[in-house]
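Good morning, colleagues. Today I would like to present the aromatic rings of one structure, and then the charges that accompany them. Please have the model in view as we proceed.

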Amino acid sequence: MAHFALSPRRFGYRFNVVGMIGFAIILFWALIAIFGPFLTPYPIGEIVDFDYFGAMSSKFWMGTDYLGRDMFSRILMGARYTVGISLAAVMISCVTGVVLGMSAAVIGGWFDTALSRFLDALNSIPSKLFGLVVVAAIGSSIPVLIFTLAVIYTPGCYRFARALAVNINTMDFVTVARARGERIGYLICSEIFPNIVGPVLADFGLRFVFIVLLLSGLSFLGLGVQPPNADWGALVRENIGGLPFGAPAVMFPSLAIASLTISVNLLIDNLPQKIRDRSVV
Amino acid sequence: MDKKFLNWTKADDAMVENAIRRGANRRELLQMLMLGGMTAMAGGSIIGRSTAALAAAPVSGGSLKAAGWSSSTADTLDPAKASLSTDYVRCCAFYNRLTLLDQNGATQMELAESVNSSDAKVWTVKLRSGVTFHDGKKLTSADVVYSLNRHLDPAVGSKVNSIAKQMTDIKAVDDLTLNITLANANADLPTILAMHHFMIIADGTKDFSKANGTGAFVCENFEPGVRSIAVKNKNYWKESKPYLDSFEYFAISDDTARVNALLSGDIQLAASINPRAMRLLDSQPSVALSKTTSGNYTNLNMRLDMAPGQKADFVQGMKYLLNREQIQKSVLRGLAEIANDQPVSPASIYYNADLKPKAFDPDKAKFHFEKAGVLGQSIPIVASEAATSSIDMATVVQQAGANIGMKLDVQRVPSDGYWSNYWLKAPVHFGNINPRPTPDILFSLLYASDAPWNESQYKSEKFDKLLIEARGMLDQAKRKAIYGEMQVMIAEEAGTAIPVFISNVDAISSKLKGLEASPLGGQMGYAFAEYVWLEA
Amino acid sequence: MNTQILSLVFKRLLVAIVTLLIVSFAVFFATEMLPGDVAEILLGQAATPEAVAGLRTAMHLNDPAILRFIRWLYGLATGDLGISYANNMPISHLIGGRFVNSLKLAAVTALFSVPIALTLGITAAMLRGSLYDRIVTTITIAVISVPEFMVATSAVLIFAVYLKWLPALSFANEVHSFGELLRVFAMPVITLSFVISAQMIRMTRAAVVETLNTPYVEMALLKGASRRRMVLKHALPNALGPIVNAIALSLSYLLGGVIIVETIFNYPGIAKLMVDAVATRDLPLIQTCAMIFCLAYLFLITLADIIAILSNPRLR
């Protein structure tokens with residue numbers, strides 16, 4: 001197979017340096033998510049400082065928040081919610097969206113039309129209204145929050161995966177496979193999926209970012225994370241008043257979000273080529 | 001201001017100005033400043049600055065842009081339905097009331113020339129003559145009768161229906177006189193008529209897309225949820241008012257955005273700013289602050305007819321577990337006055353100063369919780385953005401509870417629908433009560449056995465009896481004694497813990513003059529538009 | 001080919017009506033499920049049982065909900081959007097100006113961000129693995145990782161409060177000249193572009209990279225086509241389907257999703273209208289807003305599907 005030299009191609013399951021860094025940061029946050037609660041120097045709800053938006057100090061490593069609570073402890077605890085909930089939600093929505101999208105493209109016909117219109121309709125319901133209805137109907141808990149986030153992002157995932165799969169579905173090798181009499185499951189797994197995995201992964205990375213940010217919006221509707229706990233987005237939101245002073249209370253959670261989302265996307269972009277480009281073996 | 005005195009903030013400036021308004025003399029002020037650690041020299045210059053600001057002569061002209069904090073498509077120019085501060089501001093600009101409250105809380109006449117009664121049951125209202133509506137129609141008693149009667153019609157959806165119900169008969173006597181008959185004697189009627197909802201509209205008005213009132217401004221444009229534009233009423237009956245040529249009002253719901261708009265000069269008044277913006281505003285010479293503490297509070301309600309509030313010891317324990325000082329200092333950054341679990345504010349003449357707030361005492365709280373047998377149980381506390389600062393207050397109590405082994409579970413619920421779904425309903429929840437002009441209104445709305453908003457389901461025959469006894473009483477000293485006793489009853493027996501009275505701080509451009517504190521709330525009791533002027 | 005597109009458009013139109021019906025019913029059902037009705041919400045703290053009952057009767061809220069829904073549908077069919085529960089104004093009157101404002105903001109943002117995003121995405125794909133590609137990728141993600149309200153607030157602090165170049169508030173109805181237009185729209189458009197560009201850049205890059213790997217593009221390379229020609233002539237048309245879908249998804253955000261921008265810049269658009277309507281349970285207004293969002297979304301994705309079909313000969 002010819003390899004045009006747009007990028008250095010690597011063989012084997014080898015990570016490049018950037019990918020390693022991304023992976024290390026994700027691993028770091030995952031560990032914090034698990035062990036964070038044992039590391040907090042102060043209870044997260046306790047007001048430890050009379051000052052607010054306090055500066056970084058040896059007592060309060062990341063300053064204090066708008067009430068005078070320790071930011072370092074709050075960020076450690078927030079990791080659990082942000083990393084856990086976002087990863088779970090993005091997994092569910094991407095897996096559902098991609099599987100449905102590929103099925104719709106391969107099966108086509110009424111199945112495709114019905115599913116597409118249904119998900120279009122779902123996507124047209126404003127997410128705030130949807131969130132409120134969920135709180136009213138099911139109540140508030142972490143699984144409900146994950147489910148809501150997943151439902152909100154599935155239609156977008158579906159639409160993108162379907163658009164990709166439709167293009168592949170017209171390729172000769174798929175037509176050949178179909179003529180061979182392969183089952184739909186085979187077509188999806190072996191012919192379509194390997195050829196769209198790159199863009200799908202990129203989509204996964206983006207959706208992860210969106211979910212991390214939407215999470216705080218839904219917590220403010222009263223869905224899921226309850227005070228004094230807060231995810232990182234909520235930490236930024238509640239401390240936004242400190243922005244004019246450049247308070248660490250608003251900077252650190254923002255940095256935490258950025259470091260996590262950028263690493264996830266760097267890791268995806270730098271996955272070993274064998275995973276990314278299975279189309280070109 | 002001289003930056004050498006770093007702990008002197010704009011809030012202190014506002015305090016000095018307030019003191020001067022209340023009539024404090026120079027010596028008292030100096031004393032106040034000395035206590036604050038100021039030298040007499042520096043103090044002198046600050047006083048000079050404050051009095052100069054007050055004494056400046058009003059100038060006419062200019063257009064003002066001001067921003068409140070909430071507005072929606074439900075914005076209305078119908079005074080009976082007014083519910084947001086934004087509505088109050090607009091109603092005050094376009095309409096007048098029969099009476100109003102001045103900055104000392106005393107009742108003054110506005111459209112009425114007099115409101116009199118010999119028995120506090122049948123009242124005679126005499127109207128000012130020569131007042132006209134914006135459309136040129138003359139004000140007569142028919143307009144007043146129509147305006148007041150509307151509150152009794154359930155189809156109108158008046159917010160003060162429950163207060164207006166006591167007016168059993170409203171009848172015109174002649175063109176400028178009317179009689180109001182009450183179901184029972186009530187000496188507070190002149191004060192009740194000063195509430196924003198009792199603004200006077202023209203007889204027969206049904207359409208509220210434009211406002212036709214007697215007020216200082218004529219409504220030029222009103223888009224609910226967007227903004228209103230008002231121009232000066234050239235035929236206004238009050239001498240030389242208003243000073244502004246035009247007045248635009250809208251809401252910026254984001255706290256930070258509202259302050260930023262003021263700092264960038266897009267608006268000249270940002271109502272009700274977040275206490276945490278103080279640090280930013282203090283470094284800005286072009287901004288002044290106006291502080292009011294008028295009886296607004298957020299309270300923790302424990303229903304006495306449901307577990308765990310059924311056990312009196314739980315309620316007692318929670319009152320001791322509230323760290324009022326921390327709520328005042330950390331949650332509200334000092335912009336609050338510590339309260340004593342009853343709703344009458346220190347600004348009221350009926351305030352019982354002998355009733356001290358319960359001190360924060362976790363040991364006593366623990367003792368009561370143990371007695372009630374609730375220690376170790378997980379008790380949900382419902383809080384929401386809808387009730388100002390309630391989520392922060394809830395976390396303060398929660399943490400205090402965690403330290404003595406009392407597990408309180410904060411449940412944040414959406415502000416959407418909070419008042420109809422959680423308030424008054426959940427066993428332990430937060431409420432938020434706006435200032436009311438009289439103890440009678442507060443008690444009948446909130447604590448009488450049949451009160452529509454009996455937040456903790458407090459029922460006491462003795463309390464009900466005292467309430468009716470005081471209501472018809474024209475002797476103020478006796479009334480004060482009774483109200484004092486009732487305040488003690490509420491603080492000790494009811495399931496409502498009121499930690500602090502929340503101050504309101506409006507930030508204004510230093511060019512905007514004439515804004516004074518009012519007991520009815522921020523923005524000069526929402527009526528500032530008529531009284532303020534812009535310096536060139 | 002033209003007849004095929006026509007029949008597709010026609011089919012889509014039919015389906016769109018069905019979708020609208022489903023959405024309006026779903027929205028109606030959702031609103032009914034929310035606790036509290038308009039009478040309770042309007043009365044707020046003053047909602048005593050008698051007061052609520054009185055107002056409900058006066059507003060004809062006692063009719064079965066489904067009847068009100070059908071009445072609203074019938075009104076819609078006859079071109080009458082109904083009367084707002086919350087303030088008794090005709091819905092068309094409430095929405096009119098604000099809808100135009102929203103469209104203006106969306107159009108300016110789209111004109112600004114789509115070309116930039118496509119250029120960045122395609123060039124990043126062409127130079128895949130280079131430093132340029134890495135920088136574009138990282139900055140893209142960094143930019144959307146910052147919450148929207150923080151971007152907007154920072155922009156106001158810098159450009160309005162400290163530099164005083166731009167107004168902190170954007171009143172769309174005070175625009176009289178092109179200069180003013182730039183001043184008023186600058187900050188909202190930049191904020192929104194931050195939010196929507198990332199998806200377009202990332203998806204464009206991913207889709208182009210994927211097609212660059214396909215055998216026929218490699219064939220073109222072997223034939224000696226220039227890189228530029230290869231990308232524009234061979235790769236791009238095949239990647240167009242996913243790209244236009246990504247653009248459509250991003251742009252669909254510009255009507256209903258801009259609530260934060262509308263709030264912070266005090267821009268009177270319809271996203272805020274919808275939020276208000278939900279808060280007051282103002283059913284006719286919620287429905288109409290939902291219909292507008294849904295129509296805009298269907299329009300965008302139908303357009304995307306048509307472009308996708310046109311660009312891929314095999315789909316025709």
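Predicted model: local features only at pLDDT ≥ 70, side-chain atom pairs only at ≥ 80, totals over all residues.

A search through the whole structure, taken over all chains, returns 32 aromatic pairs. Let me take one of them from chain A: the ring centres of A:Y52 and A:F53 are 5.6 Å apart and the planes meet at 50°, so this pair is classed as tilted. A:Y52 has a relative accessible area of 8% and is buried. A:F53, at 5% relative accessibility, is buried as well.

I turn now to chain B, and to two tryptophans. B:W423 and B:W453 have ring centres 5.4 Å apart, with planes at 70°, so the pair is edge-to-face. Where do B:W423 and B:W453 lie in the chain? B:W423 belongs to the loop between α14 (418-421) and β16 (428-433), while B:W453 belongs to the loop between α15 (439-446) and α16 (461-471); the pair therefore ties together parts of chain B that are 30 residues apart in sequence. Both B:W423 and B:W453 are buried.

Chain B also holds a cluster linked by ring pairs, made up of B:Y350, B:F443, B:Y447, B:Y458, B:F463 and B:Y483.

Finally, we come to charges placed over rings. Which residue lies over the face of A:Y52? It is B:R279, at 4.3 Å from the ring centre. Within chain B, the charged end of B:K358 sits over the ring of B:Y320, at 5.8 Å from its centre.

Thank you for your attention.

Terms used. Residues numbered from 1 in each chain as written. Chains lettered and ligands numbered in written order. Heavy atoms only, no water. Phe/Tyr/Trp six-rings, centres within 6.5 Å; stacked < 30°, edge-to-face > 60°. Buried < 20%, exposed > 50% of the residue type's maximum accessible area, 1.4 Å probe, protein only. Helix = DSSP H or I, 4+ residues; strand = E, 2+ residues; numbered from the N terminus. Lys NZ or Arg CZ within 6 Å of the ring centre and 35° of its normal.
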